[in-house]
Amino acid sequence: MPSEGRCWETLQALRSSDKGRLSYHRDWLLRGEDVLEECMSLPKLSSYSGWVVDHVLPHTQENPPSSETSASSRSTSTLDQPSCVPRSPGRTPAFSPSSSATPDGAEGKHESQHTEPMVLQSSRGVKVEGCIRMYELVHRMRGTEGLRQWQEEQERKVRALSEMASEQLKRFDERKELKHHKEFQDLREVMEKSSREALGHQEKLKAEHRHRAKILNLKLREAEQQRLKQVEQERLRREEGQVRLRSLYALQEEVLHLNQQLDASEPHRDALKLDLSAFRTRGNQLCGLVSGIIRATSENGFPTAEDQAVAERALQEMRDLLTSLQQEIAKACEAKRRQDEEVAHKKRQESKMQQGPEVPRETPAPSQGLGGKQNEDLQVKVQDSTMQWYQQLQDASSQCVLAFEELTNSKDSQAKKIKMDLQKAATIPVSQISTIAGSKLKEIFDKIHSLLSGKPVQCGGRSVSVTLNPQGLDFVQYKLAEKFVKQGEEEVASHHEAAFPIAVVASGIWELHPRVGDLILAHLHRKCPYSVPFYPAFKEGMALEDYQRMLGYQVKDSKMEQQDNFLKRMSGMIRLYAAIIQLRWPYGSRQEVHPHGLNHGWRWLAQILNTEPLSDVTATLLFDFLEVCGNALMKQYQVQFWKMILLIKEDYFPRIEAITSSGQMGSFIRLKQFLEKCLQRKEVPVPKGFLTSSFWRS
C-alpha cells in the first residue's frame with residue numbers, strides 16, 4: 001500500500017538523519033529510566049503544522065504525478081479519518097507565508113499559546129514536520145549567507161576607499177616635500193655661490209700673506225736650527241762626559257775595592273810565607289793611574305774616550321792581578337796543607353814506634369777567616385747539625401725541581417701555556433702585597449691558598465688550577481717560594497716596611513703548606529748563605545766567579561756586583577727572615593706553634609756570635625736583624641737577651657772593629673749606636689712598619 005511505502009521512506013530518512021546514525025548500547029537500561037521518556041511520550045506537532053497543512057499540502061496535491069494518483073487516492077481515505085489534524089481555531093486562509101519567516105514573532109507566539117498540538121498517528125505527519133524544519137533551516141541559511149556577502153562587499157568597498165585616500169595623501173605629501181626640497185636647494189646653491197666667491201677672494205689674500213710669512217719663517221727657522229744644533233751638541237758632549245765620568249768613578253771604586261781585597265790577603269803572607277809585595281805594588285800603581293785620570297778630567301772638564309779606555313784596561317789588569325793572587329794563595333795553602341799532613345803523619349809514625357799503636361784523633365784543619373786573622377776562641381766552620389739541615393733543604397729543593405722538569409722542558413704549546421698561567425697565578429699575587437690595607441692582604445692570601453689547595457683561581461681573565469697538570473703543584477710551590485725570597489731581595493731591600501706584610505703572608509702559607517716553607521728557606525740560604533749562617537770556604541780548583549756566587553754576589557759577564565748593592569740585597573733578605581720568624585697569620589689557628597719561630601732567630605744570633613765576623617757584612621746583618629726582630633726577642637728571652645747584647649758590645653765589637661777598614665766603618669758605627677741606645681733606654685724599639693691591630697681592621 002502507498003501508506004506503507006511512505007512509512008518505509010520515512011524510516012529510511014530517519015535512519016539517514018543525525019539521530020539515526022547514533023550508536024546505541026545494550027546496557028542503556030542500567031543508566032536509568034529517564035531515557036525512555038521520549039520513546040514513551042506521544043509525538044507532538046509544532047504550532048506551524050496547521051499552516052503547512054492548509055497552504056502547502058493543497059498546492060502540492062492539485063497536480064499529483066500520474067504514478068502517484070492511485071497512491072494519493074488511497075491516502076485520502078486515510079487523511080479523512082478522524083485521526084487527521086484539524087485546523088487550529090482562529091487560523092484564517094489569508095495567512096501569508098511571509099509570517100513563517102518570523103516564526104519567533106509576537107503574533108506567532110500568541111497563536112502558539114492557543115494552539116494545542118494534536119496527536120498524529122500517520123507517517124505523513126512526521127514528514128510534514130520534517131518539511132517544516134527543512135524550510136526554516138534553508139530560509140535561515142539563505143538569509144545569513146546573503147547578509148554575510150553584503151557585509152563582505154561593504155568591507156571591501158571601505159578598504160578600497162581607505163587605501164585610495166591614503167595613497168592620495170602620500171602623493172600630496174610627496175609633491176609638497178619635493179617642492180620644499182627644490183626651494184631649499186635653490187637657496188643653498190645661491191648661498192654656496194656667494195660663499196665660494198668670498199672664499200676665493202679670502203684665499204688669495206691668505207696666499208699672499210703665507211708667501212710673505214714663509215719667507216720670514218725660513219729665515220727664523222734656519223737661525224733656530226743652528227742654535228738648537230749647537231745646544232744639542234753641547235748637551236750630548238756634556239752627557240757623554242758625565243757618563244764617562246760616572247763610569248770612571250765606578251771603575252775607580254771597583255779598583256779600590258779590589259785593592260782592598262789585595263790588602264786583605266796580608267795575613268796570608270805571614271801564615272804561608274809568601275812574598276805578595278809585587279801584587280800590592282802593582283795594585284797601588286793601578287789605583288794611582290785611575291786617580292790621576294780622574295784628577296786630570298776634573299781640571300779639564302770631562303774625560304775623553306781614551307781616558308775611559310785606559311781606566312778600563314787598568315780595571316781589567318787589577319782583576320787579573322787579584323785572580324793571580326788568589327791562585328797563588330790557593331796553591332800555597334794546598335802546599336802548606338800537604339806539608340802539615342806529612343809532618344803530622346811523620347809524628348804519628350814516630351809516636352807509634354815509641355809508644356805503640358794508638359787510636360788517632362782527628363784535629364780540625366786550620367781555616368782562615370775571610371776578613372782577617374782567625375781567633376782561637378771563635379770558629380769559622382759552621383756546626384755539623386746546621387750544615388746537615390742546610391743540605392737537607394737544598395736536596396729537597398733539587399728534588400722539587402726534578403719533579404716538574406718534564407713540565408719545564410716540554411715543547412708542547414698547551415703545556416707551555418699551562419706553565420705560564422701557573423707561574424703568573426703564583427707570582428703576581430706576591431708582587432701585589434703592600435702595606436695599604438689588611439683586607440687586601442687577606443684577599444691575596446686566600447687566592448694563594450686556593451691555588452695551592454687545587455681550587456681554580458682567576459688569572460688574566462682565565463681560570464687556572466694546579467690540577468691542569470700532574471706536576472703543577474710542585475711547579476707552583478717552587479715558584480711561589482722563589483718569588484717570596486725575590487721580594488725580600490728587591491722590594492724589602494728598597495722599602496724596609498714591606499718586610500712585614502710579605503712576611504705575614506709567607507708565614508701563613510708556611511703554616512698551611514709546610515713544603516712551601518722549606519722551599520723558602522732553601523732559596524733564602526742559596527741566595528744569602530749568611531742566613532744559615534754559613535761562610536763558604538774557597539776550595540782548590542774552584543773558579544773565582546763560582547766562589548763569588550757562593551758568597552751571594554751577583555756575577556755578570558765576569559764582573560762582580562758592587563759591595564753596596566750586595567749589602568743592600570743581603571739586608572733585604574735578612575730583614576724578611578727576621579720578620580717571618582716573629583709574625584703569624586692572624587686568621588689562622590693559634591693552637592699550633594709557629595712553623596719557624598723565634599727559637600730559630602735565637603739560634604741564628606748565637607751562631608753568628610760564635611763565628612768569626614766578616615768585614616762590613618756581619619755588622620750590617622746584625623743591625624738589620626736586631627732592628628727588625630730585637631723587640632720580639634727581648635719580650636721572649638728578657639734577661640738572656642740583654643746578656644747577649646752585652647756580649648756583643650763588650651766582646652764582639654772589638655773583633656768587628658779589628659777587621660773593618662776605615663772606609664767600611666759606616667755599618668759598624670750604625671750597629672754600635674743602635675745597641676748603645678737600646679742599652680741606655682733598656683728597651684728595643686718596635687720596628688717601623690710593624691703590623692698592628694688597626695692595620696687588620698682597615
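A: Let's start at the surface, where Met-134, Leu-137, Val-138 and Met-141 form a nonpolar patch with about 370 Å² of accessible area together. Val-138 belongs to helix α6, which covers residues 123-264, and this valine is partly exposed, at a relative accessible area of 33%. Do keep in mind that this is a predicted model.

Further along helix α6 you will find charged pairs. Glu-192 and Arg-188 form a salt bridge, with 4.0 Å from N to O. These two are separated by about one helical turn, because they sit four residues apart in helix α6. Glu-192 is partly exposed at 38% relative accessible area, and Arg-188 is also partly exposed, at 36%.

Moving on, the UniProt record, an unreviewed entry, annotates residues 206-233 as a "coiled-coil region". In the model that stretch is 100% helix and 0% strand, and its end C-alpha atoms lie 38 Å apart.

Next comes Glu-234, whose salt bridge with Arg-237 has its closest N and O atoms 2.8 Å apart.

For another setting, turn to Arg-569 and Glu-489, which form a salt bridge with the closest N and O atoms 2.7 Å apart. Arg-569 lies in helix α18 and Glu-489 in helix α14 (residues 472-494), so this pair ties together parts that are 80 residues apart in sequence. Arg-569 counts as buried at 6% relative accessibility, and Glu-489 counts as buried at 7%. The pair also belongs to a network: salt bridges with shared partners join Glu-489, Lys-527, Glu-561 and Arg-569. Across the whole structure there are 25 salt bridges.

A word on confidence before you zoom in elsewhere. The protein averages a pLDDT of 78, and 76% of the residues score at least 70. Residues 64-121 stay under 50 in pLDDT, and the model has 45 contacts beyond four places in sequence for them. Residues 355-377 also stay under 50, with 24 such contacts.

Methods:
Residues are numbered from 1 along each chain as its sequence is written. This is a predicted model: local features need pLDDT of at least 70, side-chain atom pairs count only at pLDDT 80 or more; totals for chains, interfaces and linings use all residues. Side-chain values use heavy atoms; hydrogens and water are left out. UniProt positions are given in the numbering used here, feature names are shortened, and annotations may be inferred rather than shown by experiment. pLDDT is the predictor's confidence in each residue, from 0 to 100. Contact means heavy atoms within 4.5 Å. Patches are made of residues with over 30% relative accessible area and no salt bridge: like charges are joined within 9 Å, nonpolar side chains (Val, Leu, Ile, Met, Phe, Trp, Tyr) within 5 Å. Accessible areas come from the Shrake-Rupley method with a 1.4 Å probe; for residues, only the protein chains shown count as cover. A salt bridge is a side-chain nitrogen of Lys or Arg within 4 Å of a carboxyl oxygen of Asp or Glu. Buried means under 20% relative accessible area, exposed over 50%, partly exposed in between (1.4 Å probe, protein chains only).
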